[in-house]
Amino acid sequence: MGDTRHTKLLIIGSGPAGYTAAVYGARAMLEPLLIQGLQPGGQLTITTEVENWPGDIEVQGPDLMVRMQAHAEAMGAEVIADYITRLDLSKRPFTAAADSGTTYTADAVVLATGAQAKWLDLPSEQKFKGFGVSACATCDGFFYRGRDVVVVGGGNTAMEEAIFLTNFASKVTMVHRRGEFRGERILRDRVAKNPKIQVIWDSEVIEVKGTEAPLGVTAVTLRNVQTGATQDVPCAGLFVAIGHAPASELVKDQLELHNGGYVKVEPGSTRTSIPGVFAAGDLTDHVYRQAVTSAGMGCMAALDAERWLAGQG
Ligand SMILES: Cc1cc2nc3c(=O)[nH]c(=O)nc-3n(C[C@H](O)[C@H](O)[C@H](O)COP(=O)(O)OP(=O)(O)OC[C@H]3O[C@@H](n4cnc5c(N)ncnc54)[C@H](O)[C@@H]3O)c2cc1C
C-alpha cells in the first residue's frame, strides 16, 4: 500500500492552465498539490519560439514552462512528478490514484490535462516538428511570411488554418485524402474562392523532406491514394490539421463531455458537471487552444475552486 495525501486543491496537469491555477490557488492559501504528468510543462515544451506570450517578445517554450513552474513553487504550490492513473469523482473527498502508488484525496480538483494534436506518425514528421512541421497555424503562421506552406486535413480546422495562413504565406497547398472536404459549406466556398489556396485531392503525405543544418523543411512527398503516383511539393512549412485529442480519459465516464471528448464547463466559468471539479485549458477548449487562454482558464479555475470551497465552509 502506498501513502495517502490529502489536499484542499488538487491540480492535475502542468501546462499553462495547471501552473496558473497553482499560482492563484497558492496565493489563496489553498496549499495546492500539482501533479505534472508524463509531459512536465505540457505542450509548449515541444516547441521552440513562442512569440505571443504577453510580456515576452520571444521566448523558448520549454524556458517559459520552467519559469511557470518556478513561479507556482515560489507562491507555495507543491509540484509533484507523478501521473494520475485513476480518478474517482463519485464522492467527496475526491480520490486520485497515482502511478507512484500514492493516493491523493482532495476537497476540490482542477483538471488541466490538456490535449494533444493528432499527427501523421511519420518519422520525418517527428524529425522536423518545431522546425517546419506544426499543428497550430495561430502559433506558427507568422514565421512563414512570403513562403509556401502545405496544410494536411479535410475538416473545418484544416480549412480555417489554410485560410488563416493565406495572411502570411505566398501559397497554401491543401492536401486531403478524399475527393471532397468534410467541413462546412461556407468554409469550402471560401477555400475554393481563395486565389492563394490550391487543393490536391485524394492524396496523403508520406514523407517530409528538408535540410539538416539548419534543420528545416523544403518539400513534402505526396502519394495519390487512387493511383499510387507520388510527387514532391516544395514548401517551407507543413501544418498538420487532422484534429486534436483532449486528454479526458480519466473523466470520460464521470463528467459531461462535448465536441468529441472535451470537458464541458458552464459558460463563463470552469465549473464541470460535478460540483467541486473544475476544468481549464485545452482540455475544455476546442476553439482557441492557446497558452494564454489556457493560463486565463487556469486562473478562473483556481478562483472558482476557492469560492466553491469557501461556500462549503
Ligand atoms: C508544437 C506546439 C506549438 C505551440 N505553440 C504555441 C504558441 O506559440 N503560442 C501559444 O499560445 N500556444 C501554442 N501552442 C498551444 C499551447 O501549447 C496549448 O494551448 C497549451 O499548452 C495548453 O495548455 P494546457 O495547460 O491546457 O495543457 P497542456 O500544455 O496540454 O498540458 C497538459 C498537462 O497535463 C498533464 N497530464 C495529462 N494527463 C495527465 C494525468 N493523467 N496525470 C497527470 N498529468 C497529466 C501533462 O503531463 C501536461 O503537463 C502550441 C502547441 C504545440 C503542440
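In which order do the five strands of the open sheet stand? The order is S10-S17-S11-S12-S13, and the pairing is parallel. Strands here are DSSP runs of type E with at least two residues, helices are runs of H or I with at least four residues, and both are numbered from the N terminus. Two strands pair if DSSP finds at least two bridges between them.

Before going further, note what kind of model this is. Residues are numbered from 1 along each chain as its sequence is written. The model is predicted: local features need pLDDT of at least 70, side-chain atom pairs count only at pLDDT 80 or more, and totals for chains, interfaces and linings use all residues.

Strand S10 (133-134) and strand S13 (197-200) stand at its edges. Each has a single partner strand, so one side of each is left without a neighbour in the sheet. The partner of S10 is S17, and two bridges join these parallel strands. Within that pairing, Val 133 has Leu 238 of S17 as its bridge partner.

Now look at strand S11 (residues 148-152). Four of its five residues are buried, so S11 is mostly covered. Buried is a matter of counting C-beta atoms, placed from the backbone: a residue is buried if 20 or more others lie within 10 Å of its own, exposed if 12 or fewer, and partly exposed in between. S11 runs parallel to strand S17 (residues 237-240), and four bridges join the two.

Next come antiparallel pairs. S14 and S15 pair in the antiparallel sense over eight bridges. Glu 207 stands opposite Thr 221 in S15. Four residues link S14 to S15 in a hairpin. Pro 214 sits in this loop, between strand S14 (203-211) and strand S15 (216-224). The peptide bond from Ala 213 to Pro 214 is cis, with omega near 5°. S15 then pairs with strand S16 (residues 230-234), antiparallel again, over five bridges. Ala 219 has Pro 234 of S16 as its bridge partner. The hairpin of S15 and S16 has five residues between the strands, and Gly 228 takes a positive phi near 85° there.

How is the protein divided? It has domain 1 (4-116 + 244-311) and domain 2 (119-240). These bounds come from an automatic or database domain assignment. The domain centres, taken over C-alpha atoms, are 32 Å apart. Five residues of domain 1 are in contact with four residues of domain 2. Contact means that the C-beta atoms of two residues, placed from the backbone, lie within 7 Å. On the domain 1 side, the touching residues are one nonpolar, three polar and one charged. Ala, Val, Leu, Ile, Met, Phe, Trp, Tyr, Cys and Pro count as nonpolar, Asp, Glu, Lys and Arg as charged, and the others, Gly among them, as polar.

Some loops deserve a stop. A cis peptide bond joins Arg 92 and Pro 93, with omega about -5°. Pro 93 lies in the loop between strand S6 (84-88) and strand S7 (94-98). Met 29 is not a glycine, yet has a positive phi of about 65°. Its place is the loop between helix H1 (16-27) and strand S2 (33-35). Met 29 counts as exposed because it has 10 C-beta neighbours inside 10 Å. Asn 259 is not a glycine either, and its positive phi is about 50°. Asn 259 lies in the loop between strand S19 (257-258) and strand S20 (262-263). Asn 259 counts as exposed because it has 12 C-beta neighbours inside 10 Å.

Finally, the ligand. Around it stand 41 residues, of which Gly 15, Gly 37, Gly 42, Gly 114 and Gly 281 come nearest. A residue is near a molecule if its C-beta atom, placed from the backbone, lies within 6 Å of it. The shell has 22 nonpolar, 17 polar and two charged residues. H1, strand S9 (115-117) and helix H7 (291-311) each supply at least two residues of the shell. Domain 1 and domain 2 each give at least three.
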